[in-house]
Amino acid sequence: MHKHRPLIHSITTVALLLLLSIESQATQVTQADSNIGFAIVNTGQAGLTPEGVLVSGGSWFNLRHLAQNAVLIRHPKGDVMIDAGLGQKIDKQFSENSFVMRQLFAYENLNPAIDQYVKAAYDALNVKKIIPTHLHWDHASGIVDFPKAQVWVQKSEYVEAREGPAPAHLQSQLNHKDTQWNFFELTNTAHLGFSKSLDVYGDGSIVLVDLKGHSAGQVGIFLTVSSGKQYFFVGDTTWTIKGVQDNAPRSDLLKWVVDINWDDEANTQKISLLHDFYQTHNDITIVPAHDETLMKDLPLFPDFAY
Ligand SMILES: [Zn+2]
């Protein structure tokens, strides 16, 4: 009798697997129809910087080229950009900076999102909303290239940005007469351990959560694509995934040179939160906005992952 049991078990297992695979195929067809996907749009990069400057505990011999990215989400209710990256007018915008800051934050390989869209015959009018994680210059520069899109931020973020000086905020990026500013507040609906959230289209595909600290109203953005795979775009809470993995802030050297965070303590708390999240959700890909090493595993525009 004992010898037969494993056989029965394996028949049951095969039947179960068959059932599961039929179900997952059916799910995939439905989800493919809803067509939610995304691409990283690389609009430029920062100059070479030792990792030790970017993240506490980083190597001083590992030279990094942080990326300046936007994210394009395809959604049946209207495409959405997370951040706008460096835009066509960045050179002029950047002249608001002092000489020293122009050296410190110099960018290379400029390739604005709008130019990439034209080249790939992607209609920029499909972009209905731009949701910046925050309004620092390297995330807001391209906003003026999309005057038909609604720009959605928390009021606290907008107020800080309009009052804030260079280098973090460049007013020519924010005071353009054609930009359609819209304001939202997060609701008291918990999402994956975050106490406040906002479901952008009401279908759970794009959900915003509070990551204030780096700036007054920074948001993190959860994205679920058609396959069910989930991503968590965390803005500049840390610049590198190493910061999340090691629960490490930016270096003391950097803090000594320039104030990077609106509220250091609040940002440190958010890094801890992300670190805990990382340890308990290994099925969700965390994407700091600037970590160029992650890009090899993510779809780069005009390629999309669905
Ligand atoms: Zn940034």
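Asparagine 42 is buried, because 21 other C-beta atoms lie within 10 Å; a residue counts as buried if 20 or more other C-beta atoms lie within 10 Å of its own, as exposed if 12 or fewer do, and as partly exposed in between, with C-beta atoms placed from the backbone. The model is a predicted one, in which local features need pLDDT of at least 70 and side-chain atom pairs count only at pLDDT 80 or more, while totals for chains, interfaces and linings use all residues. Residues are numbered from 1 along each chain as its sequence is written.

Asparagine 42 belongs to strand S1, residues 37-46. Strands (E, at least two residues) and helices (H or I, at least four) are DSSP runs, numbered from the N terminus. Leaving aside neighbours within four places in sequence, the contacts of asparagine 42 are Ala67, Asn69, Asn111, Met295 and Leu300; here two residues are in contact if their C-beta atoms, placed from the backbone, lie within 7 Å. Asparagine 109 is 67 residues away from asparagine 42 in sequence, yet the C-alpha to C-alpha distance is 9.3 Å.

Now for the protein as a whole. It has 10 helices and 14 strands, and 40% of its 306 residues count as buried. Among contacts between residues at least 6 apart in sequence, 70% join residues at least 24 apart.

Strand S1 is part of an open sheet of 7 strands with mixed pairing, in the order S6-S1-S4-S5-S7-S8-S9. Its edge strands are S6 (107-108) and S9 (180-184), each of which pairs on one side only. Two strands pair if DSSP finds at least two bridges between them. Strands S8 (residues 150-154) and S9 run parallel and are joined by 5 bridges, with valine 153 opposite phenylalanine 183 in S9. Helix H7, residues 155-163, lies across S8 and S9 and runs at about 95° to S8; axes are lines fitted to C-alpha atoms, for helices over the stretch in contact, and angles run from 0 to 180 degrees between N-to-C directions.

Another open sheet has 5 strands in the order S10-S11-S12-S13-S14, again with mixed pairing. Strand S10 (197-199) and S14 stand at the edges with a single partner strand each, so one side of each is left without a neighbour in the sheet. From one strand to the next, the twist averages 20°.

The pairings can be followed strand by strand. S11 (residues 206-210) runs antiparallel to S12, with 5 bridges between them, and aspartate 210 stands opposite valine 219 in S12. S12 (residues 219-224) is in turn antiparallel to S13 (residues 230-233), through 4 bridges. S12 and S13 form a hairpin with 5 residues between them, and glycine 228 in the turn has a positive phi of about 100°. Glutamine 230 in S13 is the bridge partner of threonine 224, and glutamine 230 also stands opposite isoleucine 284 in S14. S13 and S14 (residues 284-287) pair in the parallel sense, over 4 bridges.

Not counting residues up to four places away in sequence, phenylalanine 233 touches Val71, Ile82, Thr133, Gly220, Ile221, Leu223, Val287 and Ala289.
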